[in-house]
Amino acid sequence: MADVQHSAVRARRGVAARPAIGSATSAEKKLPIFVKIFVISLIIPLIFSLGSITLSTYRIALLAMFVPSFIMWISGKAGPLRWADGLICLMVTWMIISTIYHKGMGEAIEPVGILTLEHLGTYLLGRVFIRDARSFRQMAILLFCVGVFLFPFALYEGLTGHNLYRSIWANLGRVPFDVNMEARLGLDRFQGPFDHPILSGVFLTPALALGCFVVGYRKGFVTRTSLTGIAFLTGFLSVSSGPISALTVQIGMVLWEAIFRPIKARWWIFLGLAAVAYVAIDLLSNRTPIVVAISYLALNTHTAMNRVYIWEWGWVNIFSNPLFGTGLGGEWQRYSFMTDSFDMFWLLYAMSYGLIAGIGHLGAALLIVWQLIRKKIADERIREYRMGWLIGFVGFFMAGWMVHYWEAPLALCFFFLGSAIWFLDYEDGADEAVDDTAEDTAERRTRYSRFPTRETRST
């Protein structure tokens, strides 16, 4: 009876009754509880031991959902298989082969399990359970709220140098050690629940665009500006070059979208100007544009030069070990004064596991972005959500050229990639066309009422 009433209401609104791919009913659009648990578990820094295996909280959540996610994906219950799916599987498969090659079958079991969980498991979680606008919006709200929740802890740690957040969790169990980092710009660097201040900045990066375009959809100028500002400030308190650069670029893209919104080809113009700038730098400088960008985006000269050396030596190592790479954590060629830290996420996979893994890694990300850009969508709300995802991923992409991702931010990055696939399956005029923000408001207004709604009474 409820389904009939719902369909009648939708018919009066002039919305087609057929469901969107992967979401037949309104109930199916809600973000599943286990996805919420996964997202929240990313900021719980507790560590558990299972024999010789160390498990963080989010890995336990992933273990519980890996098999169901895989079965739903391979059976086609999450829409058709896509080329990006194949590239992710290629990457993970080659990472497994490379790990076995370097460590042997016996020692490779634990790292193979972890890398499969953190790459394929997180991708499938977003791929399978974020299938429509409402679940995507609820995911965005949750990620943004997590960032807002961390803000007072970030501000406190920045001003005092005391990691209050981690101290609270240390009363409940084992947590990773604090990293003793030098202050920057007069602030101690916010580490919070993560292994390094850089990771806190990376984790908070997508919240800026999601806050502006998804959480702030149809909100006024002041509200959207406030949402964007608090996300920027929280990420800024990591005081890390990569995340701050990524956040700044996102602010620029948000402003570009706001100022040039009436121009249909505004983003092609943006890409054209970026290409012109790249060529100009290449012609006028004795360094490559990538090296120039890295040099100017870093907060200090030492960090900038180290990133430049990583870029140069990274390619040396890739072409020296093109098939199976150097192995994760393996020795790689570099200057004697450099540390073994390889702070370049988008180059690391090709160097550590081989070119095939690197192609799958970077190729999947770029393919998803390209397909989203080319996808024709008439619905304004879905276009706004897509813009939020694209600019949010630009944050991950930018920071990844100056930072290495591991632990929770790595898991979030691949989950975020998977959460974009529903856009490719979206069809204008399907069930998704109903404004999920309106539905959420109506649900909150009537959930506890003992009186029927106006639509119900008139049915």
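Which residues line the largest cavity? In this predicted model, the lining consists of Leu143, Val146, Phe203, Leu204, Pro206, Ala207, Leu210 and Leu412. Helices α5, α7 and α8 are the elements that give two or more residues to this lining. By class, the eight lining residues are nonpolar, with no polar and no charged residues among them. The space inside the largest cavity comes to about 50 Å³, and the search returned four cavities of 30 Å³ or more.

Helix α8, spanning residues 207–215, deserves a look of its own. Nine of its nine residues are buried, including Ala207 and Leu210, both of which also line the largest cavity. Gly211, Cys212 and Phe213 are likewise among the buried residues of α8. The partners against which these buried residues pack are α5 (133–160), α7 (197–204), α9 (221–236), α10 (241–259), α16 (380–399) and α17 (407–418).

Turning to open spaces, the largest pocket holds about 2,000 Å³. It is lined by 43 residues, of which Met253, Trp267, Phe270, Leu271 and Ile373 are the closest to its centre. At least two lining residues come from each of α10, α11 (266–284), α12 (289–297), α15 (355–374) and α16. Helix α16 contributes the most, with eleven residues. The lining of this pocket comprises 32 nonpolar and eleven charged residues, with no polar ones.

Side chains of opposite charge can pair when their charged atoms come close. Across the whole structure, eleven salt bridges were found. One of them joins Glu407 to Arg59, with the closest N and O atoms 3.6 Å apart. Because Glu407 belongs to α17 and Arg59 to α3 (residues 57–74), this pair ties together parts that are 348 residues apart in sequence. Glu407 is partly exposed, at a relative accessible area of 23%, whereas Arg59 is buried, at 9%.

A further salt bridge links Glu384 with Arg224, where the closest N and O atoms are 3.0 Å apart. Since Glu384 sits in α16 and Arg224 in α9, the pair ties together parts that are 160 residues apart in sequence. Both Glu384 and Arg224 are buried. These two residues also belong to a network of salt bridges with shared partners, which joins Arg224, Glu257, Arg261, Arg266, Glu380 and Glu384. Elsewhere, Arg334 forms a salt bridge with Glu331, the closest N and O atoms being 2.9 Å apart; Glu331 is exposed, with a relative accessible area of 62%.

Methods: Residues numbered from 1 in each chain as written. Predicted model: local features only at pLDDT ≥ 70, side-chain atom pairs only at ≥ 80, totals over all residues. Heavy atoms only, no water. Buried < 20%, exposed > 50% of the residue type's maximum accessible area, 1.4 Å probe, protein only. Helix = DSSP H or I, 4+ residues; strand = E, 2+ residues; numbered from the N terminus. Contact = heavy atoms within 4.5 Å. 1 Å grid on protein atoms, 1.4 Å probe; cavity = no way out; pocket = protein on both sides within 12 Å on 5 of 7 lines; lining within 4 Å. Points joined across faces, edges and corners; volume = space filled by probe spheres on them. Nonpolar A, V, L, I, M, F, W, Y, C, P; charged D, E, K, R; others polar. Salt bridge = Lys/Arg side-chain N within 4 Å of Asp/Glu carboxyl O.
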